[in-house]
Structure formats: structure tokens, C-alpha cells
Amino acid sequence: MTEFSLVIELSNGSHQSSVDLEVVKGTTLLQALHDAQLPVRKACRNGGCGVCRCRLVAGEISYGQRQPFALWDKDKAEGFILPCIATPLSDLKIDLLTLEK
């Protein structure tokens with residue numbers, strides 16, 4: 001069973017921290033965040049709404065056969081991903097500071 005490291009940057013007002021997780025290959029990032037009881041917004045869970053979007057700081061992800069319909073080309077160019085359909089292909093670092101409120 002292949003596992004990848006996932007570093008999540010978090011912010012609570014002026015306090016910044018990070019959380020380190022292990023994600024099993026094939027598990028969506030949203031599921032890993034949910035399993036770790038981290039605060040992440042979710043709605044459709046199929047890449048259509050964009051509520052869960054965050055920024056990929058480092059690493060590679062795959063959407064498999066799914067498409068991130070909620071991301072514009074500009075969003076993709078700025079590094080935004082949809083963790084609801086993204087699975088890791090390498091160790092990752094994501095920034096949850098960029099979640100829209």
C-alpha cells in the first residue's frame with residue numbers, strides 16, 4: 001500500500017500552523033482532510049461546485065477520469081485544486097488559507 005505525505009498549512013487569525021498526514025494512494029484529499037477532522041468546506045464532492053478549492057503548493061495530483069469543472073483556467077494557473085476529486089501522485093503540500101469564506 002503506497003502512502004504519500006500531505007502537509008497542510010492552516011491559519012486561525014494571526015496564528016499559522018501546519019498539519020502532517022499520510023494519505024493512501026487512491027484516497028481523495030478531501031477524504032483525508034475529513035478523516036483528520038480538519039475544517040474544510042465541502043458540498044458536491046464531484047468537482048462541480050468549487051467550494052472545497054485550495055492551493056497546491058508542492059507535489060502532483062491526479063483527477064483520474066474526473067474533471068475539475070469548477071476551476072477556470074486562471075484558477076488552475078494559480079495552483080488551485082479541488083481536493084474532493086484529487087488524489088496524490090507524490091508527497092504534497094496544500095494551503096487551506098486560500099479557501100473562500
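What percentage of contacts in the chain between residues at least 6 apart in sequence join residues at least 24 apart? The share is 58%. The legends below describe a predicted model.

**Figure 1. Overall architecture of the predicted chain.** The secondary structure comprises two helices and seven strands. Followed along the sequence, these elements are arranged as β-β-α-β-β-α-β-β-β. The C-alpha atoms occupy a box of roughly 35 × 35 × 25 Å along the principal axes. A compact globule of 101 residues would have a radius of gyration near 13 Å, and the value of 12 Å for the chain agrees with this. Of the 101 residues, 42% count as buried.

**Figure 2. Salt bridge between Lys 93 and Glu 9.** The structure has two salt bridges, one of which joins the side chains of Lys 93 and Glu 9, with an N to O distance of 3.1 Å. Lys 93 belongs to strand S7 (residues 92–95) and Glu 9 to strand S1 (residues 3–12). Lys 93 is partly exposed, at 30% relative accessibility. Glu 9 also counts as partly exposed, at 22% relative accessibility. Side chains of opposite charge can pair when their charged atoms come close.

**Figure 3. Salt bridge between Asp 75 and Arg 53.** In this salt bridge, the closest N and O atoms of Asp 75 and Arg 53 are 3.1 Å apart. Asp 75 is located in helix H2 (residues 73–77), whereas Arg 53 is located in the loop between helix H1 (29–35) and strand S3 (54–58), so the contact ties together parts that are 22 residues apart in sequence. Asp 75 is buried, having a relative accessible area of 11%. Arg 53 likewise counts as buried, at 13% relative accessibility.

**Figure 4. Arginine side chains over the ring of Phe 80.** The charged end of Arg 53 sits over the ring of Phe 80, at 3.8 Å from the ring centre. As for pairs between aromatic rings, a search of the whole structure finds zero.

**Figure 5. Cys 44 and its closest cysteine sulfur.** How many disulfides does the count come to? The count is zero. The closest cysteine sulfur to that of Cys 44 is in Cys 49, at a distance of 3.5 Å, which is too far for a bond. The cut-off applied to a pair of cysteine sulfur atoms is 2.5 Å. Cys 44 is partly exposed, with a relative accessible area of 29%. A disulfide is a covalent bond between the sulfur atoms of two cysteines.

Figure 6. Cys 84 is situated in the loop between strand S5 (80–81) and strand S6 (87–88). Is Cys 84 buried or exposed? Cys 84 is buried, with a relative accessible area of 6%. The closest cysteine sulfur to that of Cys 84 is in Cys 52, 3.7 Å away and too far for a bond. Leaving aside residues up to four places away in sequence, Cys 84 touches Thr 28, Leu 30, Arg 45, Asn 46, Gly 47, Cys 52 and Arg 66. Cys 84 and Ala 70 are 14 residues apart in sequence, and their C-alpha atoms are 11 Å apart in space.

Figure 7. Gln 37 is not a glycine, yet has a positive phi of about 60°. This residue lies in the loop between H1 and S3. Gln 37 is exposed, with a relative accessible area of 73%. Arg 45, also not a glycine, has a positive phi of about 65°. The place of Arg 45 is in the loop between H1 and S3. Arg 45 is partly exposed, with a relative accessible area of 41%. Arg 45 is one of the residues touched by Cys 84.

Definitions and conventions. Residues are numbered from 1 along each chain as its sequence is written. This is a predicted model: local features need pLDDT of at least 70, side-chain atom pairs count only at pLDDT 80 or more; totals for chains, interfaces and linings use all residues. Side-chain values use heavy atoms; hydrogens and water are left out. A salt bridge is a side-chain nitrogen of Lys or Arg within 4 Å of a carboxyl oxygen of Asp or Glu. Helices (H or I, at least four residues) and strands (E, at least two) are DSSP runs, numbered from the N terminus. Buried means under 20% relative accessible area, exposed over 50%, partly exposed in between (1.4 Å probe, protein chains only). Contact means heavy atoms within 4.5 Å. Rings of Phe, Tyr and Trp (its six-membered ring) pair if their centres lie within 6.5 Å; planes under 30 degrees apart count as stacked, over 60 as edge-to-face and the rest as tilted. A charge sits over a ring if NZ of Lys or CZ of Arg is within 6 Å of the ring centre and within 35 degrees of the ring normal. The radius of gyration is taken over C-alpha atoms; the globule rule is 2.2 Å times the number of residues to the power 0.38.
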